[in-house]
Amino acid sequence: MDQAGTEPTLSEIKGLRRLLAKDPEESDLSRRRFRHRGGTVFGASERSYVFGYNAVMSREAEKIEELREDRRPFAYEGAAAACTVLDLLTLTRGRRLHELLAGPARHHRHAAYLGAGRGYALLRLRPAQGARRAHPLLRWLAVDGFGFQWSLSRADRMVGERTMPDLLTRAHCAVFDQGLGRLLWYHEGGAPDDVSARIGAYPIPRRADLWSGVGFAAAYTGGAESEELWWLTERAGADGFRAYLAQGCAFAVAARLRSGSPPEHVARAAAILAGTDPEEAASWTDRALIALGHEAHTHEDFRSWQSQIRRSWTRRHHY
């Protein structure tokens, strides 16, 4: 592997876990007719996701720590997806996911909640409130992860026909679109013009959250050079959703900082998409969370958290 890790020993898995294990070839996005441009970055993130997923299935989650530091968040996303699938199928009320969050994934909570949502999507189940003792607001990221995985598995329909799953509530739909926005960044290989064109085909009320998802993916996963990120800001601004791009970026930067030393593309994205350094961008998310108080847990609270991050960006740049 290009990420330095010993592959999970799938050949020794038996029973349900063997049936649920993933073929590493699933990480090849070209098989899903995604743009190959930037394929190394996007393919590597999905390979790490599959690695983490299979590490849980083979009871070798400790192998995730063998990966390069910048790959571990994606691997813990896969690990959380696997824990969620097993919890749902064995009716253990989120025990495995909670143990993962309390243990090895404690510095990768954003990734783990995204992965939990992917687990729900794999089983075609609506994302629930989350595991026992889940973070009251980060648990909404499970809906984002659900949106990413649901759209990944049905890319032609979701990207081409712009449909929405019937099983989602109205409150879920906006956060679902953030996951779809992340998927669009992958689907178009991080090409700003193509991403913007895809978003422009959606109804105006959905575009804000799509741009938020794009901002998250551009900062979290990377895949674009500085000139392309500048062009992305121009396109988001022309569409009227510049603040949403910055908000998604800030959220991703905060997640990356908590996961360890962020790769170079994170600082580059923060400087261009959020117009500041990573530490300040992350502080917007922290201050907004503190302002909401300890009782915040609803969808409205989650949306208010995002709104306050956008206001921090607006004040910073005097828009």
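Let's start with two helices: the axes of α11 (residues 226-238) and α13 (residues 264-274) come within 9 Å and cross at roughly 30 degrees. An angle under 35 degrees counts as roughly parallel, and α11 and α13 are therefore roughly parallel to each other. The crossing of α11 past α13 is right-handed. On the α11 side, the contact is made by Ser226, Leu229, Trp230, Leu232 and Thr233, and on the α13 side by Arg268, Ala269, Ile272 and Leu273. By class, these residues divide into six nonpolar, two polar and one charged. Please keep in mind that this is a predicted model.

Next comes helix α10, which spans residues 204-220. The axes of α10 and α11 come within 12 Å, crossing at roughly 170 degrees. Angles over 145 degrees count as roughly antiparallel, which makes α10 roughly antiparallel to α11. Here Trp211, Val214 and Ala218 of α10 meet Leu229, Leu232, Arg235 and Ala236 of α11. This contact has six nonpolar residues, no polar ones and one charged.

Helix α10 also packs with α13: their axes come within 7 Å and cross at roughly 140 degrees. That angle makes α10 oblique to α13. The α10 residues in this contact are Gly215, Ala218, Ala219 and Tyr220, while α13 brings His265, Val266, Ala269 and Leu273. Six of the contact residues are nonpolar, two are polar and none is charged.

Some residues turn up again as you move from pair to pair. Leu229 and Leu232 of α11 touch α13, and Leu229 and Leu232 also touch α10. Ala218 of α10 is in contact with α11 and also takes part in the contact with α13. Ala269 and Leu273 of α13 take part in the contact with α11 and in the one with α10.

| Helix pair | Axes come within | Crossing angle |
|---|---|---|
| α11 and α13 | 9 Å | roughly 30 degrees |
| α10 and α11 | 12 Å | roughly 170 degrees |
| α10 and α13 | 7 Å | roughly 140 degrees |

Sorted by class, the lining of the largest cavity has four nonpolar, six polar and one charged residues.

How values were computed:
Residues are numbered from 1 along each chain as its sequence is written. This is a predicted model: local features need pLDDT of at least 70, side-chain atom pairs count only at pLDDT 80 or more; totals for chains, interfaces and linings use all residues. Side-chain values use heavy atoms; hydrogens and water are left out. Axes are lines fitted to C-alpha atoms, for helices over the stretch in contact, and angles run from 0 to 180 degrees between N-to-C directions. Helices (H or I, at least four residues) and strands (E, at least two) are DSSP runs, numbered from the N terminus. Angles under 35 degrees count as roughly parallel, over 145 as roughly antiparallel, 65 to 115 as roughly perpendicular and the rest as oblique. A crossing is left-handed if the near helix is turned anticlockwise from the far one by less than a right angle, and right-handed if clockwise. Contact means heavy atoms within 4.5 Å. Ala, Val, Leu, Ile, Met, Phe, Trp, Tyr, Cys and Pro count as nonpolar, Asp, Glu, Lys and Arg as charged, and the others, Gly among them, as polar.
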